[in-house]
2 protein chains.
Amino acid sequence: MGAKKKIAYLGPPGTFTEEALDKFIKDISQIKKISYPTVVEVIKSVDRGEADEGLVPIENSIEGSVNITQDILTFESEAKIIGEVTIPVKHSLIGRKKIGLENIKKVISHPHATAQCRKFLSTNLREAEIIAANSTAEAVKILKKENNDIAAIGTKIAAKIYKLEIIESDIEDNKDNKTRFVFIGNRIQPKTGEDKTSIVCFLKEDRPGSLYNILKEFAQRNINLTRLESRPAKKDLGDYVFMIDLDGHLHDKNIFEAIEVLRKSVYMVKILGSYPKWIESNKK
Amino acid sequence: MGAKKKIAYLGPPGTFTEEALDKFIKDISQIKKISYPTVVEVIKSVDRGEADEGLVPIENSIEGSVNITQDILTFESEAKIIGEVTIPVKHSLIGRKKIGLENIKKVISHPHATAQCRKFLSTNLREAEIIAANSTAEAVKILKKENNDIAAIGTKIAAKIYKLEIIESDIEDNKDNKTRFVFIGNRIQPKTGEDKTSIVCFLKEDRPGSLYNILKEFAQRNINLTRLESRPAKKDLGDYVFMIDLDGHLHDKNIFEAIEVLRKSVYMVKILGSYPKWIESNKK
């Protein structure tokens, strides 16, 4: 048997990213997980060859800025997206002991997690002091060293890792909230028939119709866009970038053609990747 | 003289939001600033009539999720955007005393601020422990009670408020980084000739060309889009929402017509506001 595949992920252990990794990988014993403290370091570990693949949040994340993932992939790395996985954002209130809510004096978590549980907190823990942590996993870890009247908002996997108690499950305001994660690697994945392609278009000017003209190339070829976002660019690389996710693979004739036409009309097109679409039934 | 206009903002005192407020308001003595701890509470204070206007970050913020501002305005409030202001994101390393970088053992800030200064931190403060706070202003405030070997990343205004020292200025990685803030109120602003309009389109299905067809209405009428973002919607309000910023005013004939046409083809259009465009020379 060869060496285990090394997969870098946004740590510390117990993050939603680790939960997503465990959900995606059919046999976790076949891989070596490596935790990195930031999104940048996960992506750079792949660029440097330290890890074979990396997993980072890209949309609707609570463990760090989504923008940072898109910016690093767009401006600072040649790594490609080779897969995606989406998991529901489920928050738990975690304590050292299973105590009543009325006994909780402080709540610690990442500011995004506390923001996502604001209704629960304002209804049940109105008087509690809100303390910030760098990640939900860090919050749970800190709890180990604290008093019984402090609770953390975090994942069930983190409560398990640190041998703590779940005081209340599913305390998030929005039950439909999901986070999308992407696997990073060094290749364009082969076509499976259920694929997605992520590209970035760099534009040197902001004119009426410039975005429309880009979309026309896809609409005319019956290509469905699943996500689109315009962002200011780093100045020397155009004035605007459009981040686009498409249904289909780069090797599909209509998609390849649309991109070839775009290359002539915009400043630059960067392919972030073509990869199998996440389908809920893929789950273990 | 009547009562002073009450303006709610995302606090605590010393945030970038307060800096933006001071920059926008010509005569700060004519208003009463009210600090609220969350974006939601700022917007709701306007909905409840506690404040006349509110100021919150909406794009590229470091003091809380941008998504929360858009989501509250889209799904949970009838407040309108009545103005905008953009300021550069300038971070300072702040200490109790002006000590050398080699003497700093811990750095405290909001996770977004530490992410935005990662190059500075990894070059100059590689060994320092990174501690999280709920806002940069909270980080600076906490510093007051700490030892001299702890530094905070925050605004100059916060250093001034808490009578602390600037150890190093402009430590952010990206010198072009800006945050856009919006004023919230209860009206569509009158036309000035240099305006912007923000709308949200709700779509019940995700088809090839659906976004393209929306943009066609604007392109054909020579209306420039300055920002576009597709997001998943809350389920009972359509499957996707498109957040669009346009150059021009709702009362411009071409914009009004384009929106009227859209109302027939999408599930719902919500007007978030028409308001004077922020022009850098507006600054005091």
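In this predicted model, strand β3 (residues 53–59) of chain A runs antiparallel to strand β10 (residues 178–185) of chain A, and 5 bridges join the two. Strands pair here if DSSP finds at least two bridges between them. Helices (H or I, at least four residues) and strands (E, at least two) are DSSP runs numbered from the N terminus. Within this pairing, A:Pro57 has A:Phe181 of β10(A) as its bridge partner. Helix α2 (residues 39–47) of chain A packs on the sheet, where it touches β1, β2, β3 and β10 of chain A, and its direction makes about 140° with that of β3(A). Such angles run from 0 to 180 degrees between N-to-C directions, with axes fitted as lines to C-alpha atoms, for helices over the stretch in contact. Residues are in contact if their C-beta atoms, placed from the backbone, lie within 7 Å.

Residues are numbered from 1 along each chain as its sequence is written, while chains are lettered from A and ligands numbered from 1 in the order in which they are written. As the model is predicted, local features need pLDDT of at least 70 and side-chain atom pairs count only at pLDDT 80 or more, whereas totals for chains, interfaces and linings use all residues.

The sheet in chain A is open and mixed, with 5 strands in the order β2-β1-β3-β10-β4. Its edge strands, each pairing on one side only, are β2 (31–36) and β4 (80–88) of chain A. From one strand to the next, the twist averages 30°. Helix α1 (residues 16–24) of chain A lies across β1 (5–10), β2, β3, β4 and β10 of chain A, at about 100° to β4(A).

Turning to the meeting of the two chains, 34 residues of chain B are in contact with 34 residues of chain A. On the chain B side, the elements giving two or more residues are α4 (111–116), β7 (129–132), α8 and β12 (225–232). That side comprises 15 nonpolar, 10 polar and 9 charged residues, where Ala, Val, Leu, Ile, Met, Phe, Trp, Tyr, Cys and Pro count as nonpolar, Asp, Glu, Lys and Arg as charged, and the others, Gly among them, as polar.

Helix α8 (residues 210–219) of chain A meets α8(B), their axes coming within 9 Å and crossing at roughly 145°. In this contact, A:Leu211, A:Tyr212, A:Leu215, A:Lys216 and A:Ala219 face B:Leu211, B:Tyr212, B:Leu215, B:Lys216 and B:Ala219. By class, the contact has 8 nonpolar, no polar and 2 charged residues. B:Leu211 is also in contact with A:Leu225, a residue of strand β12 (residues 225–232) of chain A. A:Leu225 counts as buried because 21 C-beta neighbours lie inside 10 Å; the cut-off for buried is 20 or more other C-beta atoms within 10 Å, against 12 or fewer for exposed and in between for partly exposed.

Within chain B, the axes of α8 (residues 210–220) and α9 (residues 253–265) come within 9 Å and cross at roughly 160°. The two helices are therefore roughly antiparallel, a term used for angles over 145 degrees. Their contact involves B:Asn213, B:Ile214, B:Glu217 and B:Phe218 of α8(B) with B:Ala258, B:Val261, B:Leu262 and B:Ser265 of α9(B). Finally, helix α6 (residues 136–143) of chain B is largely enclosed by the rest of the structure, because 7 of its 8 residues are buried.

Terms used: Parallel < 35°, antiparallel > 145°, perpendicular 65-115°, else oblique. Lists of a residue's contacts leave out its neighbours within four places in sequence.
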